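Thanks for coming. I have one structure to show, and I will go through a few local features of it.

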Amino acid sequence: MSKVGTVCWMAPEMITGKLHYDNKIDVWSFGIFIIEMVVGEPPFINEQQVRVLYNIAHKPAFRLDEKKWSAQFCDFVANVLVKQPDQRMTVDQLLQHEWLIDAEAH
């Protein structure tokens with residue numbers, strides 16, 4: 001299996017080769033995109049690529065500061081950036097998350 005993607009946005013399971021491609025990988029990348037939007041850059045962007053890969057695979061997933069962002073938003077991002085793909089929310093589950101439901105109401 002070949003690995004394609006920009007390293008900062010690669011899901012841990014892509015790096016470790018533990019899972020073939022599915023939409024849970026896209027969910028992870030979406031989470032990194034959210035981080036980039038709110039923080040200004042993805043985690044580990046200033047590291048060498050090999051270090052980025054190591055950090056994604058072995059360090060805890062990035063978390064937003066709940067003092068700066070709503071608890072619902074932080075929970076949404078935390079559910080997107082779950083390191084174990086079988087525990088990461090699906091797209092359908094994320095669409096039912098309270099943060100999106102509340103945003104839709106406004």
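Start with the contacts of K83: beyond its neighbours within four places in sequence, K83 touches P12, E13, W28, N55, I56, A57, H58, K59, A61 and R88. Keep in mind that this is a predicted model. K83 sits in the loop that runs between helix 4, residues 71–80, and helix 5, residues 91–95.

What about its charge? K83 is buried and yet has no salt bridge. The nearest side chain of opposite charge belongs to E13, at 8.7 Å, and a salt bridge would need a side-chain nitrogen within 4 Å of a carboxyl oxygen. What K83 does have is a polar side-chain atom 2.4 Å from the backbone oxygen of K59.

Now the helices. N55, I56 and A57, which are among the contacts of K83, are also among the buried residues of helix 3, residues 49–58, together with V52. Which elements cover those buried residues? Helix 1, residues 12–16, and helix 2, residues 23–39, are included in the cover.

Helix 4 is largely enclosed by the rest of the structure, because seven of its 10 residues are buried. Those are F73, C74, F76, V77, A78, N79 and V80.

Last item, a backbone angle. Most residues other than glycine have a negative phi. F44 is not a glycine, and its phi is positive, about 70 degrees. Where is F44? In the loop between helix 2 and helix 3. Buried or partly exposed? F44 has 25% relative accessibility, so it counts as partly exposed.

That is the set; I will take questions.

Technical notes: Residues numbered from 1 in each chain as written. Predicted model: local features only at pLDDT ≥ 70, side-chain atom pairs only at ≥ 80, totals over all residues. Heavy atoms only, no water. Helix = DSSP H or I, 4+ residues; strand = E, 2+ residues; numbered from the N terminus. Buried < 20%, exposed > 50% of the residue type's maximum accessible area, 1.4 Å probe, protein only. Lys, Arg positive; Asp, Glu negative; His and termini not counted. Polar contact = N/O pair within 3.5 Å; in protein donor to acceptor, adjacent residues only side chain to side chain. Contact = heavy atoms within 4.5 Å.
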